[in-house]
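I opened the notebook today to look up a few spots in this model. Here is what I went through, entry by entry.

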Amino acid sequence: MSTQTADQVDIAIVGAGAVGLAAALALSREGRRVALLGPVATPRDGRTVALLDGSWRMLAEFGVREALLEKAAPLEVMRLVDDSGSLFRQPPVEFRASEIGLEAFGWNIENADLTRILADKAGTLSGLRMVPGFVRAIEPEADGVRLSGEGFAPLKARLVVGADGRNSQVRAAAGIASRDWRYPQIALTAIFEHARDHRDISTEFHTRKGPCTIVPLPGRRSSLVWLLDPQAAEAVAALDDAAFARRVEKQVQSLLGAMTVAGPRGKVPMGGLSVERLSAGRMALIGEAAHVFPPIGAQGLNLGLRDVAALSEAVTGSADAGAPSVLADYDRARQTDVRLRTGAVDMLNRTLLADLLPADLMRGAGLLALSRIGPLRRLVMRQGLAGGAAR
Ligand SMILES: Cc1cc2nc3c(=O)[nH]c(=O)nc-3n(C[C@H](O)[C@H](O)[C@H](O)COP(=O)(O)OP(=O)(O)OC[C@H]3O[C@@H](n4cnc5c(N)ncnc54)[C@H](O)[C@@H]3O)c2cc1C
């Protein structure tokens, strides 16, 4: 253990992705000294995130609403299309935000834009210290946790928040066991310009190899998230932009007319991760450090932002941000939501992958019920947004 004296802060957040930045904005209140450690990286790879209503309102409270509005498109209608070729194939199901009294289910924005907007705001807060270096060592001590790393003097924090993503070092230092798994899928991401208006409608085609979703962006632009088996994904990814655009246009049944690729494309192997608990020994996990699942139903980042809200609530009013009672409150508040979402997305993804008659039947019957039964539709819409407006 190092003997060099460490700067003292109340809270140190490791990882300056969207979730870590949101945590920095939420926790730098009540005069707390907060440090956010890690480079702000905003690579453009075609990935967008649909910020559901509750997340949107939370971010608006940070004073970034106008900046987000410039870059985001509202999602007023969500359409599910059964493109699985199943015997029990059902007509498309449409959910309208207005059915549950909302202007939009959420707003879609490029991940890179979101991160940049949050980082710009974080840079204006006086109680927040932004340290762009990577953390290399995390050492629990009796009354805090000591952090050291690249280009900064050691820090000691009463609470360390792990927002350091899937391979979280904070999770390892806290001794929190995790389980991770892979799906035989790769997500292709891209942004397109197209001939027709999207009319603020997001469309999810459920295919046998995984969902293919097209989500509105401002103007005549949309983002694509297309899950395919690795072999098919590699073949489609190898196409040049023009051929790729034609392939996607065919896949989405020319819904938006002629399409052209606008910007870099991405390719992400799909997997999941769950943890046995969300905190241990003055360390708490948020975002993908705590849960990872495929991008179905726009849940990942939204769940991460709900972690931030719960942690901020648990810390409020406590003189010691890392006290066992604070962490117990946080753990209790998040366990159910995190487990339910991880389980539900995993199950949905596996039924799509399974070539099984009962799974087809269930999905067909489910979609049919959703299209016909008003209260069930509204329940599903509210569940999709749970933790936000429709709690
Ligand atoms: C194709 C795709 C589409 C998606 N669409 C949606 C969607 O529509 N809606 C939605 O809610 N979610 C969506 N998601 C999920 C969402 O993108 C993620 O949940 C979210 O980006 C995770 O953010 P994070 O900040 O937890 O993790 P990350 O973005 O992985 O950030 C972790 C950060 O920690 C840093 N870091 C790691 N180790 C260290 C260290 N030792 N020291 C300092 N820093 C460190 C990294 O550099 C990184 O900046 C999608 C995901 C994919 C793959």
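Predicted model: local features only at pLDDT ≥ 70, side-chain atom pairs only at ≥ 80, totals over all residues.

**Entry 1: the ligand**

I began with Gly 300, where a backbone N or O atom lies 3.5 Å from an oxygen atom of the ligand. Residues are numbered from 1 along each chain as its sequence is written, and side-chain values use heavy atoms, with hydrogens and water left out.

Next I looked up Glu 288, which has a polar backbone atom 2.9 Å from an oxygen atom of the ligand. For Asn 302 I found a side-chain N or O atom 2.8 Å from a ligand oxygen atom. Taken alone, the ligand exposes 1000 Å², and the protein buries 85% of that (Shrake-Rupley areas with a 1.4 Å probe).

How many residues surround the ligand? I read 28, and the closest are Arg 47, Ala 50, Glu 288, Leu 301 and Asn 302 (a residue is near if one of its heavy atoms lies within 4 Å). The shell divides into 14 nonpolar, 11 polar and 3 charged residues. I also noted that α1 (18–27), β3 (48–52) and α8 (300–315) each supply at least two residues of that shell (helices are DSSP runs of H or I, at least four residues; strands are runs of E, at least two).

**Entry 2: Ser 168**

I then moved to Ser 168, in the loop between β11 (152–162) and α5 (169–174). Is Ser 168 buried or exposed? It is buried, with a relative accessible area of 4% (buried is under 20%, exposed over 50%, partly exposed in between). Its side chain makes a polar contact with the side chain of Asp 164 at 2.6 Å, and also reaches the backbone nitrogen of Val 170 at 3.3 Å. Beyond neighbours within four places in sequence, I found Ser 168 in contact with Leu 285 and Ala 289 (heavy atoms within 4.5 Å).

**Entry 3: Leu 37**

My last stop was Leu 37, in strand β2 (residues 34–37). Leu 37 is buried, with a relative accessible area of 1%. Leaving aside neighbours within four places in sequence, its contacts include Val 14, Val 131, Leu 147 and Phe 152. I also checked Ala 24, 13 residues from Leu 37 along the chain: their C-alpha atoms are separated by 10.0 Å.

Notes. Buried < 20%, exposed > 50% of the residue type's maximum accessible area, 1.4 Å probe, protein only. Polar contact = N/O pair within 3.5 Å; in protein donor to acceptor, adjacent residues only side chain to side chain. Nonpolar A, V, L, I, M, F, W, Y, C, P; charged D, E, K, R; others polar.
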